[in-house]
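Reader: I have a model open and want to learn to read it. Can we go feature by feature?

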Amino acid sequence: MNHHRIFLVIAVTAFALPQALAQNQLNSGEIVDSLQALETAPGNVTAAVLRQQALNRIKNHQGDDPRNREPLSDQLNRLPQLTVEINFNFDSAIIRPESYRTLGLIADALHHPYLLGYKFLVVGHTDASGKREYNLNLSQKRADAIREALVTTFRIEPRRVEAVGLGEEQLRDSANPNSPENRRVQLITIGKL
Amino acid sequence: MGKCIHSALAFAILVAFVVQSSAQTIGYADALDMLAAACGADVQKYCKNVNLGNNRINNCLEQHQSNISFECKKTRADVFTLLQKRANAQASVRGICDADIRSLCPGVVQEDGYLLECGLKAWRSLGDKCRQAITDAGWH
């Protein structure tokens, strides 16, 4: 039930190959590497824009089959990023202690000079079980909880981190919409300060 | 139950860090490991549904000072010192390394991120004080 897999995604090409690393093998150097090298900031990839896109889509496509659902944002896949698993209490935004180390590693990476001048987006995702709007809200609260930890407890400048929940709108494995593969957190480099 | 193991583990981690490298500081991931080892049981007992942000867990342990284990108290104090040293070191690198960076990175965009990146990459040519600051910052 408790998954301790961390997926490291290096999006330098369109065909990113996810590598599964055991939780204790991920180090902050690897996180720095994955988040570096943003070439052009797309400008319209922000928490506010994505949130509105998700709300619009839910409103306009009620009752659609998640298996036929396109990802909400292709742009997200093309940016430097990291995908991790963060465990929360059931139906809650309380981060579980087994995920503290992962957040600590992210914090250490964001304190590294190579990432100093950049802004990041925390994206929370759910699987497709349960209500679509509920999933959107829960994933937003969870992304907010991660951002809060980073910018308070871990002393990252608040203006460097945004947070958005995309619920089930950007399924990683749409063929299996209830798969735990879909329950994940992305950390994406979205621009320069 | 696992109290002796927890405190031995916390102590071992602390010793490993202070001894293994010339860094006298600690990063957040390792700080959390130390705290988990020493304070895990107390967090379960007194701070169970408290979230990680806004220093809530730390504040909760603070409120239960008189109840938490000695190992937890000691580790919290040690970790706080080590984290503070790291934050101070990170803030000081730019200044301590200024002369080194000016001479080694003449053409670089004059922003801290670029200058520090150039400085880190020129590790072999840096002076001792600058190197120590970078090590304490956790950047080498």
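Reader: Leaving aside neighbours within four places in sequence, which residues is Val123(A) in contact with?

Author: Two residues are in contact if their C-beta atoms, placed from the backbone, lie within 7 Å. In this predicted model, and skipping neighbours within four places in sequence, Val123(A) contacts Ala143(A), Val164(A), Leu166(A), Val185(A), Gln186(A) and Ile188(A). Take Gln186(A): 63 residues separate it from Val123(A) along the chain, and the C-alpha atoms are 5.0 Å apart.

Reader: Where does Val123(A) lie?

Author: Helices (H or I, at least four residues) and strands (E, at least two) are DSSP runs, numbered from the N terminus. Val123(A) belongs to strand β4 of chain A, residues 118–124.

Reader: Is Val123(A) buried or exposed?

Author: Count C-beta atoms, placed from the backbone, within 10 Å of the residue's own: 20 or more others means buried, 12 or fewer exposed, and in between partly exposed. Val123(A) is buried because 26 other C-beta atoms lie within 10 Å.

Reader: What are the numbering and confidence rules?

Author: Residues are numbered from 1 along each chain as its sequence is written, while chains are lettered from A and ligands numbered from 1 in the order in which they are written. As this is a predicted model, local features need pLDDT of at least 70 and side-chain atom pairs count only at pLDDT 80 or more, but totals for chains, interfaces and linings use all residues.

Reader: What is the mean pLDDT of chain A?

Author: pLDDT is the predictor's confidence in each residue, from 0 to 100. Chain A has a mean of 88, with 88% of its residues at 70 or more. Residues 1–22 of chain A have pLDDT below 50, yet this stretch has 40 contacts in the model beyond near neighbours in sequence. Where pLDDT is low, the predicted coordinates should not be read in detail.

Reader: And where is confidence lowest and highest in chain B?

Author: The lowest is in helix α1 (residues 3–20) of chain B, with a mean of 62. The highest is in helix α7 (residues 128–136) of chain B, at 96. Chain B has a mean pLDDT of 89, and 85% of its residues reach 70 or more. The model as a whole scores ipTM 0.85 and pTM 0.86.

Reader: At roughly what angle do the axes of α4(A) and α5(A) cross?

Author: Axes are lines fitted to C-alpha atoms, for helices over the stretch in contact, and angles run from 0 to 180 degrees between N-to-C directions. Here α4(A) and α5(A) (residues 132–151) cross at roughly 55°, with axes coming within 10 Å. Angles under 35 degrees count as roughly parallel, over 145 as roughly antiparallel, 65 to 115 as roughly perpendicular and the rest as oblique. So α4(A) is oblique to α5(A).

Reader: Which residues meet there?

Author: From α4(A), Leu103(A), Ile106(A), Ala107(A) and Leu110(A); from α5(A), Ile146(A), Ala149(A) and Leu150(A). Ala, Val, Leu, Ile, Met, Phe, Trp, Tyr, Cys and Pro count as nonpolar, Asp, Glu, Lys and Arg as charged, and the others, Gly among them, as polar. This contact has seven nonpolar residues, no polar and no charged.

Reader: At roughly what angle do α1(A) and α4(A) cross?

Author: Helix α1 of chain A (residues 28–35) crosses α4(A) at roughly 60°, the axes coming within 8 Å. The two are therefore oblique to each other. Ser28(A), Ile31(A), Val32(A) and Leu35(A) of α1(A) make the contact with Leu105(A), Ile106(A), Asp108(A) and Ala109(A) of α4(A). These divide into six nonpolar, one polar and one charged.

Reader: How many helices and strands are in chain B?

Author: Seven helices and zero strands. Of its 140 residues, 36% are buried. One case is Ala37(B), in helix α2 of chain B. Ala37(B) counts as buried because it has 23 C-beta neighbours inside 10 Å.
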